[in-house]
Number of protein chains: 2
Amino acid sequence: MAIGQYPDVDMRFEPPVQKVIDEFARLPGIGAKTAQRLAFHLMSLPRDAAERLGEAVLEMTEQVRNCSRCFNLTSQDLCSICSDTRRDHTLVCVVERPQDISVIERTNEFRGGYHVLGGALSPLRGIGPEQLRIPELERRMDTEGILELVMATNPTLEGDATALYLARVFKSRELRITRLASGLPVGGDLDYADEITLGRALAGRRQM
Amino acid sequence: MAIGQYPDVDMRFEPPVQKVIDEFARLPGIGAKTAQRLAFHLMSLPRDAAERLGEAVLEMTEQVRNCSRCFNLTSQDLCSICSDTRRDHTLVCVVERPQDISVIERTNEFRGGYHVLGGALSPLRGIGPEQLRIPELERRMDTEGILELVMATNPTLEGDATALYLARVFKSRELRITRLASGLPVGGDLDYADEITLGRALAGRRQM
């Protein structure tokens with residue numbers, strides 16, 4: 001670097017700070033500016049408060065893995081749901097991601113098991129059946145005496161396509177395959193419903 | 001826990017995951033929902049990618065400290081600005097936070113040193129002169145032969161009050177004390193300027 005020149009603008013901060021900024025900026029929904037703000041915020045905390053975040057992340061990556069049966073997150077070999085004998089494991093709810101399980105659990109309406117696919121089919125993003133945990137689901141169907149699969153993939157194009165694909169794959173088996181109902185959200189307003197949701201609510205209307 | 005009861009809703013996730021969520025949620029601008037999304041995102045990454053974030057944070061807390069002279073962030077005893085002999089260290093720019101230094105550096109208009117106060121005076125939040133690095137600044141004034149202090153605290157109530165307070169404290173010294181100009185942002189539109197900014201632009205008008 002010639003005398004009088006300014007240092008490279010890409011390396012604006014102390015390297016260890018820049019590294020934290022870069023890692024934060026990789027997270028979804030966090031831009032360069034927010035990442036900067038977070039890193040500097042950590043540096044403004046007492047050292048042990050900042051360390052706690054780093055340690056928590058390392059501990060999580062070390063201790064938490066996928067349940068060997070349903071691929072939920074767990075610190076054990078089997079997750080707390082799979083190892084709960086009071087639940088009905090002949091009923092399996094198929095979800096895209098581990099966090100979907102906690103959403104369904106909070107309804108207190110489901111007492112079966114789960115299977116986490118790890119995503120949804122998406123030809124555009126190069127996600128085919130072999131990128132999802134479909135072979136693992138087939139293996140479970142062969143061995144676990146599952147009687148019903150509840151397709152709880154997201155009500156999106158990709159989630160619907162995934163549910164449809166799985167329904168076809170398992171058609172030949174003696175099995176009930178169901179899909180979460182689509183329709184108006186409870187407490188919603190007809191005025192604010194989009195046409196597709198309203199159309200599905202009509203198609204799925206039930207006798208009173 | 002009685003049979004049939006559901007586990008405590010507060011402990012919805014595996015403890016190591018919950019811990020990461022809690023730590024993320026402590027960061028400014030990150031709510032409970034975003035914290036959850038970030039933690040699950042980390043768990044969806046290959047293990048070494050998630051570890052990188054944790055390690056970067058720990059490395060930063062370990063290696064980066066405050067410059068012993070100006071309190072900028074640095075991995076050394078003196079920061080790169082304080083140890084740069086080509087800069088004019090008789091000119092010191094007083095800022096609230098370390099990140100303000102990089103903003104000023106990017107203008108390429110300032111070739112002096114800095115002093116990081118660590119905040120601004122705020123009676124409401126209990127931040128008085130003794131919570132800021134004002135004694136350290138006085139010590140520098142005694143020993144370093146500083147000729148000009150540029151007050152670059154934020155153009156807010158608190159930043160203004162801090163600049164004013166410092167100007168009074170150092171009034172008796174042989175010293176030039178200046179303040180960043182307030183006025184219309186370059187490229188801005190009169191229509192969009194607030195009254196206070198416009199008022200300051202008028203009061204600070206310069207002969208052409």
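Student: At what angle do helix 1 of chain B and helix 2 of chain B pack, and how far apart are their axes?

Tutor: Keep in mind that this is a predicted model. Helix 1 and helix 2 of chain B pack at about 130 degrees, and their axes are 8 Å apart. Angles over 145 degrees count as roughly antiparallel, so helix 1 of chain B is oblique to helix 2 of chain B. Their crossing is right-handed.

Student: Which residues make that contact?

Tutor: Helix 1 of chain B contributes B:Val17, B:Val20, B:Ile21, B:Phe24 and B:Ala25. From helix 2 of chain B come B:Ala32, B:Ala35, B:Gln36, B:Leu38, B:Ala39, B:Phe40 and B:Leu42. By type, eleven of the contact residues are nonpolar, one is polar and none is charged.

Student: How does helix 3 of chain A pack with helix 1 of chain B?

Tutor: Helix 3 of chain A, residues 47-63, meets helix 1 of chain B, residues 15-25, at an angle of about 150 degrees, with 8 Å between the axes. The two are therefore roughly antiparallel. The crossing here is left-handed. On the chain A side, the contact includes A:Leu53, A:Ala56 and A:Met60; on the chain B side, B:Val17, B:Val20 and B:Phe24 are among the residues involved.

Student: Why look for nonpolar residues in the interior?

Tutor: In soluble globular proteins, nonpolar side chains tend to be buried together. Here the largest nonpolar core has 40 residues. Those that touch the most other members are A:Val17, A:Phe24, B:Val17 and B:Phe24. Helices 1, 2 and 3 of chain A and helices 1, 2 and 3 of chain B each supply at least two residues of this core.

Student: How many residues of helix 4 of chain A are buried?

Tutor: A residue counts as buried when its relative accessible area is under 20%. In helix 4 of chain A, residues 98-105, seven of the eight residues are buried, so this helix is largely enclosed by the rest of the structure. The buried ones are A:Pro98, A:Gln99, A:Asp100, A:Ile101, A:Ser102, A:Ile104 and A:Glu105.

Student: What do those buried residues of helix 4 of chain A pack against?

Tutor: They pack against strand 2, strand 3 and strand 4 of chain A, together with helix 2 of chain B.

Definitions and conventions: Residues are numbered from 1 along each chain as its sequence is written. Chains are lettered from A and ligands numbered from 1 in the order in which they are written. This is a predicted model: local features need pLDDT of at least 70, side-chain atom pairs count only at pLDDT 80 or more; totals for chains, interfaces and linings use all residues. Side-chain values use heavy atoms; hydrogens and water are left out. Axes are lines fitted to C-alpha atoms, for helices over the stretch in contact, and angles run from 0 to 180 degrees between N-to-C directions. Helices (H or I, at least four residues) and strands (E, at least two) are DSSP runs, numbered from the N terminus. Angles under 35 degrees count as roughly parallel, over 145 as roughly antiparallel, 65 to 115 as roughly perpendicular and the rest as oblique. A crossing is left-handed if the near helix is turned anticlockwise from the far one by less than a right angle, and right-handed if clockwise. Contact means heavy atoms within 4.5 Å. A nonpolar core is a set of buried Ala, Val, Leu, Ile, Met, Phe, Trp, Tyr and Cys residues joined through side-chain atoms within 4.5 Å. Buried means under 20% relative accessible area, exposed over 50%, partly exposed in between (1.4 Å probe, protein chains only). Ala, Val, Leu, Ile, Met, Phe, Trp, Tyr, Cys and Pro count as nonpolar, Asp, Glu, Lys and Arg as charged, and the others, Gly among them, as polar.
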